[in-house]
Amino acid sequence: MVPDISTGSRTYGLLAYLYGPGRRDEHTDPHIVAAWSPELAPDPGRDPAATLKQLTDRLDLPVLALPKDRRPARHVWHCPVRTAPGDRHLTDTEWGEVARRLVHATGIAEDGDDKACRWIAVRHADDHIHIVATLKREDGRSPRRHEDGIRAQAECRKIERAWGLQILNQGDGTAARRPTSAERSKAERTGRAEPPRETLREQVRQALAGAADEDEFFSRLTEAGLRLEKRIAPSGDTIGYKVALPGDRNRDGQPIWFPGSKVAPDLSLPKIRQRLEAGAIDNEPALAGPVHQSSRPARARRGATHTAEQALTTLAGDDDGDAAAQLVGVGELLDAVAQTAPGSTRKELSEAARTFERATRSHVRAERADYRALRSAARGIVRAGNALGKGEDGGTTAMLLSTMVLVTIAAVRWHSARGHAQQAAAARQAVQHLRAAYRTAAATPLNTMRAQGRQLRAPVRDRYAHTLEGALPTQADHLLCEPGWDALAATLAQAEHKGHDPEALLQNAIESRELDTADNVTDVLVWRLRRIGELPAASIPARARTSPGWHPTQPQAAKPTTTEYPNRRGTNSSRRPGPLR
């Protein structure tokens with residue numbers, strides 16, 4: 001059950017919408033299910049003689065009774081309440097009870113207070129009601145509605161538990177402000193895909209990702225096409241900022257501005273300055289990987305993969321402040337990857353960054369924590385420019401996303417252990433988007449590696465199977481059945497050709513980070529081996545495939561024979577692989 005409180009200035013306009021047909025004729029049978037005084041509240045939905053003007057006048061009476069200088073500018077309190085998808089449809093009586101409990105909990109009209117604010121609850125659909133109140137009591141005072149949104153959420157959780165409805169995640173006051181119903185309505189009318197507040201939140205976060213200083217942050221905002229206005233103190237110092245989308249104007253033709261703090265709690269200028277100071281980074285971050293072998297986007301992603309792996313260790317540690325800081329850095333890294341992703345993965349990565357944004361804020365403070373490495377990695381990705389969806393760019397994108405999936409899973413565990421329900425749910429959603437993006441990015445490079453792995457000579461594949469069995473004895477049988485085994489074998493062959501000890505390198509990859517949360521262990525090992533061993537992420541060079549381990553003229557079957565890998569992939573041969581060679 002979701003309440004969504006906002007305030008406005010036009011009682012009649014809101015009632016006309018509630019009793020009207022809706023923007024898509026979705027409103028059916030609008031009528032009042034509860035009111036401050038049912039006998040005094042005319043219902044145009046049930047009484048043919050009642051009018052919207054009469055209902056407006058009754059609701060506004062306590063406000064209009066005051067001198068004009070004492071009337072609040074925004075005197076209309078509006079709270080839609082919606083059940084979750086899949087919940088049963090409540091009756092009018094039940095919705096009336098919901099309305100009475102919410103106006104009591106929020107301080108609008110407490111039980112037994114005959115001087116409380118006037119209010120009604122209108123139902124025009126199966127799954128929600130709209131509570132409308134005017135913000136002056138009968139005695140002329142204003143209601144005590146401090147933190148009414150938090151109190152409404154808490155009351156909804158009680159109703160859900162008592163009535164057997166879906167229990168939604170409890171908020172903690174750190175979420176970004178949601179668009180109002182008026183903002184959503186305007187977005188629909190003007191053909192925008194979403195309210196400007198949400199578009200601005202994404203673009204401001206992307207401008208901040210990896211920014212070295214305040215000036216660069218502001219420059220990025222204007223380069224993104226946003227309107228920007230700074231608040232300047234008499235001393236000449238900048239003390240705030242606000243942004244607007246081009247073309248988003250009010251009825252007077254003026255831009256609709258959003259201060260940074262209204263876009264998101266952590267995007268006010270003081271909070272941004274704290275982040276830039278705590279995560280101070282070099283103007284030109286170093287890129288990983290040999291310059292002559294890969295593009296700048298590929299080297300930036302390879303370096304970011306190592307940084308993300310280090311964040312995994314911090315999230316598994318005992319220092320909550322450090323972990324909270326790492327989550328902020330991970331959010332910046334996701335914002336950087338999303339804005340530079342190829343078209344094939346950009347949508348999923350943008351959704352991952354948007355949903356993970358909620359997981360970057362909690363009441364755990366990241367004071368004195370160091371997350372410069374993640375901010376530097378984000379900066380490197382942004383400055384390297386857009387990545388291609390193929391070749392080394394595509395391979396290193398898959399390499400990074402494989403690790404980012406594990407990082408976001410670690411974020412789910414960290415938040416869940418501390419009771420941060422909304423943040424854990426957001427991180428869980430981000431995992432799903434990242435997995436989808438990973439599958440797209442990894443398809444081509446992994447298919448190439450698998451094909452090359454099947455071209456290895458049988459004795460070499462047999463030897464690498466022994467290597468895997470020695471490193472992961474309890475998982476080897478399962479891993480040799482995974483589709484990624486061929487790619488892993490090809491990676492071990494290439495590492496050996498480059499001069500690495502396959503056993504030592506594999507052991508290093510296994511011990512570097514946990515594997516328990518991996519969907520596909522062989523995939524994770526492939527990308528770790530390629531990063532640690534500084535191997536190409538996209539394909540195996542032709543010169544490597546001419547080494548003695550390769551036999552391109554006699555490709556091996558995708559699945560091992562019963563004499564090659566006994567008791568694996570459904571076979572039951574008793575013959576074991578020969579001794580290691």
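I searched the whole structure, which is a predicted model, and got 36 salt bridges. Buried or exposed? I checked Arg205 and Asp335. Arg205 has 5% relative accessibility, so it counts as buried, and Asp335 is buried too at 4%. Both belong to a salt-bridge network that also takes in Asp266, Arg275, Glu332, Glu357, Arg361 and Arg375.

Next I looked at Asp320 and Arg418, with closest N and O atoms at 2.9 Å. Asp320 is in helix 11, while Arg418 lies in the loop between helix 14 (391-417) and helix 15 (421-453), 98 residues away. I noted Asp320 as partly exposed at 27%, and Arg418 as partly exposed at 30%.

**Sheet 7-8-9.** I traced an open, antiparallel sheet of three strands in that order. Strand 7 (227-232) and strand 9 (258-259) each have a single partner strand, so one side of each lacks a neighbour in the sheet. I then found helix 6 (residues 196-208) packed on the sheet, touching strand 8 and strand 9, at about 125° to the direction of strand 8. Strand 7 is joined to strand 8 (residues 238-244) by six bridges, and Arg231 stands opposite Gly240.

**Asp4.** I located Asp4 in the loop between strand 1 (2-3) and strand 2 (6-8). At 13% relative accessibility it counts as buried, because the cut-off is under 20%. Which side chain does the Asp4 side chain make a polar contact with? I got Arg184, at 2.9 Å.

Key:
Residues are numbered from 1 along each chain as its sequence is written. This is a predicted model: local features need pLDDT of at least 70, side-chain atom pairs count only at pLDDT 80 or more; totals for chains, interfaces and linings use all residues. Side-chain values use heavy atoms; hydrogens and water are left out. Two strands pair if DSSP finds at least two bridges between them. Helices (H or I, at least four residues) and strands (E, at least two) are DSSP runs, numbered from the N terminus. Contact means heavy atoms within 4.5 Å. Axes are lines fitted to C-alpha atoms, for helices over the stretch in contact, and angles run from 0 to 180 degrees between N-to-C directions. Buried means under 20% relative accessible area, exposed over 50%, partly exposed in between (1.4 Å probe, protein chains only). A polar contact is a pair of N or O atoms within 3.5 Å; within protein, one must be able to donate a hydrogen and the other to accept it, and residues adjacent in sequence count only if both atoms are side-chain atoms. A salt bridge is a side-chain nitrogen of Lys or Arg within 4 Å of a carboxyl oxygen of Asp or Glu.
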